[in-house]
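Please look over these notes on helix packing with the model open. They are set out as numbered points.

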Amino acid sequence: MPESYTEPIGQSDAFLDFQETLSRAAKVDRPVLLIGERGTGKELAAAKLHYLSSRWRGPLVTLNCAALAPALLESELFGHEEGAFTGAHRRRTGRFETAAGGTLFLDEIALIPMEVQEKILRVVEYGSFERVGSSTPVHVEARIIGATNADLPSLAREGRFKRDLLDRLSFDVLFIPPLRARRGDVLLLAVHFAARMAHELCWTELPRFSPGVVARMERYPWPGNVRELRNVVERAVYRSAGPDVDEIAFDPFVSPFGAAAGAGHDAAAPAQAPPPASPEGPPDGNSRSLEAAVRDLEVRMIRESLTAARYNQREAADTLGLTYHQFRGRWRKYRKELSAED
């Protein structure tokens with residue numbers, strides 16, 4: 001395998017079962033569909049299928065079908081002749097020709113327009129196609145691996161994906177396990193990504209995650225899967241003052257200063273006057289505002305978490321499911337109330 005290839009990491013049953021299935025499918029020279037959520041490593045799985053196959057000496061050509069406009073996708077896949085359209089100053093070889101003797105990986109295959117699907121079906125069935133602007137057939141032989149997170153059978157029933165092409169490409173359909181199904185792999189991957197980040201920062205010590213950080217990582221559902229885990233861990237390592245990582249932020253867009261009044265509304269919209277207060281007061285006879293009730297609740301929970309954590313603010317933040325910065329923001333906001341009863 002080339003130096004650029006990265007072996008996937010994992011030890012969970014779900015991960016090992018998938019790798020075994022992947023290895024078996026690699027040996028059979030047929031099209032394969034990879035189904036997986038974002039960030040699960042579809043391109044890495046496609047690379048392993050290629051390098052474990054008999055085509056490993058041939059090229060592995062990748063195309064993200066979501067990255068190109070429909071008008072450009074046909075030219076990118078099949079190439080074009082000189083003068084085929086405005087700007088076509090010379091003949092261009094497409095990805096199918098480039099992948100001859102090897103593997104063509106089509107990521108986000110569900111987004112391919114129907115007219116381009118017709119030409120792909122012809123390649124799969126007859127091994128030939130015409131470049132854009134030409135009627136001369138070009139013969140090519142390449143294995144196709146497709147990847148998507150979409151429900152292709154549903155798209156086929158709705159007429160948005162060719163049923164014949166789906167039948168041709170689905171010799172086998174492999175489902176990549178999401179990170180939440182890979183019990184025990186979160187910490188293993190986190191340690192790996194943390195070590196790589198430490199090396200990039202020229203640290204002499206490997207990062208160490210606090211028990212609170214480990215617990216939060218293992219509870220988190222990881223909707224962005226391995227890609228999200230890598231970002232979260234690398235961010236936590238670089239933000240830490242040293243090898244002891246005791247703070248982690250899953251969402252980098254959460255402001256440590258809290259939401260501004262009126263956040264999320266159009267600032268240019270005219271302010272609307274509040275409805276007039278009822279002379280009888282609220283239905284339950286309690287004139288206390290919702291804002292004051294929320295404030296009292298937050299103060300009480302912060303005080304209780306601090307007491308339980310023996311005034312260790314990082315542990316108190318973990319107890320409340322907050323980052324240290326979020327906790328500090330609320331602590332500063334309610335400092336007077338907290339100090340008044342200390």
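**Notes on two helix pairs**

1. H1 passes H2 in a right-handed crossing, that is, with the near helix turned clockwise from the far one by less than a right angle. The model is predicted: local features need pLDDT of at least 70 and side-chain atom pairs pLDDT 80 or more, while totals for chains, interfaces and linings use all residues. Numbering starts from 1 along each chain as its sequence is written, and side-chain values use heavy atoms, without hydrogens or water.

2. The axes of H1 (residues 13–26) and H2 (residues 42–51) come within 8 Å and cross at roughly 45°.

3. On the H1 side, the contact (heavy atoms within 4.5 Å) is made by Phe18, Gln19, Leu22, Ser23, Ala25 and Ala26. H2 supplies Ala45, Lys48 and Leu49. Six of the residues in this contact are nonpolar, two are polar and one is charged.

4. For H3 (residues 70–78) and H5 (residues 114–126), the axes come within 10 Å and cross at roughly 15°. H3 and H5 are therefore roughly parallel to each other (angles under 35 degrees). H3 passes H5 in a left-handed crossing.

5. Which residues of H3 meet H5? They are Glu74, Leu77 and Phe78, and their partners in H5 are Val116, Lys119, Ile120 and Val123. The contact of H3 with H5 divides into five nonpolar residues, no polar ones and two charged.

How values were computed: Axes are lines fitted to C-alpha atoms, for helices over the stretch in contact, and angles run from 0 to 180 degrees between N-to-C directions. Helices (H or I, at least four residues) and strands (E, at least two) are DSSP runs, numbered from the N terminus. Ala, Val, Leu, Ile, Met, Phe, Trp, Tyr, Cys and Pro count as nonpolar, Asp, Glu, Lys and Arg as charged, and the others, Gly among them, as polar. Angles under 35 degrees count as roughly parallel, over 145 as roughly antiparallel, 65 to 115 as roughly perpendicular and the rest as oblique.
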